[in-house]
Amino acid sequence: MEPQTPVKPTTLEIGLGRILRRVTWRLIPLLGIAYIVAYLDRINVSFAALQMNQDLHLGAVAYGTGAGIFFLGYVLFEIPSNLILQRVGPRLWIARIMVSWGILSVSMAWVRDEWSFYLLRFLLGVAEAGFFPGIILYLTYWFPMRERARIIALLSTATALAGLIGSPLSGMILSLDGWNGWRGWHWLFVLEGLPAIVLGLA
């Protein structure tokens, strides 16, 4: 069997490859950071609980209910969020998602009892609903089918990075306890919520 002569890529394929590389470097770092911020805002309540539960007199059941009610809001509003996203476009809708969840995450610093905790956690789930599907849809506008699995896999590494960054960062922020009259968990919600607002505007 004679060896096949390798097929040289055409000028068009080379040009498309360059465009895709530029798009990848333009979008994936920003979307990856946004995904890391989303992950941190979703799990920071578990770090805040080290101080917050004692300050607000939250028992295990109250804390578990508040932590879990986030996903109720997320599930209930994920389909409506995606339907709106298709109407207004992912660029605008993803920005709205990030800004609103950032504001609600920052607002968690002013929780005063279990009912305000439940309300803000539920609203946070509502605000964040549709974020990941919206990003996936946005990527389909930029990348052809053959490139999507690689790009989504690349984006998914943000979860591992969030776990690597999240724990030490949250611990460091909690150590600000007492600074400027605020408890560490207040600073945690504020400092980890603000980047979502900034990225949403970006």
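Residues are numbered from 1 along each chain as its sequence is written. Because the model is predicted, local features need pLDDT of at least 70 and side-chain atom pairs count only at pLDDT 80 or more, while totals for chains, interfaces and linings use all residues.

The chain has seven helices and zero strands, where helices (H or I, at least four residues) and strands (E, at least two) are DSSP runs numbered from the N terminus. The C-alpha trace spans about 75 × 35 × 35 Å along its principal axes. Of the 202 residues, 43% are buried, that is, under 20% relative accessible area with a 1.4 Å probe, protein chains only.

A pocket here is an open set of points on a 1 Å grid over the protein atoms alone, where a 1.4 Å probe fits, with protein on both sides within 12 Å along at least five of seven lines; lining residues have an atom within 4 Å of a point. Among the 18 lining residues, Leu 27, Leu 30, Arg 91, Tyr 138 and Ala 202 are the closest to the pocket centre. Helix H1 gives the largest share of the lining, seven residues.

Asn 44 is found in helix H1, residues 11–56. Beyond its neighbours within four places in sequence, Asn 44 is in contact (heavy atoms within 4.5 Å) with Ser 105, Leu 188, Phe 189 and Glu 192.

Conventions:
Heavy atoms only, no water. Buried < 20%, exposed > 50% of the residue type's maximum accessible area, 1.4 Å probe, protein only.
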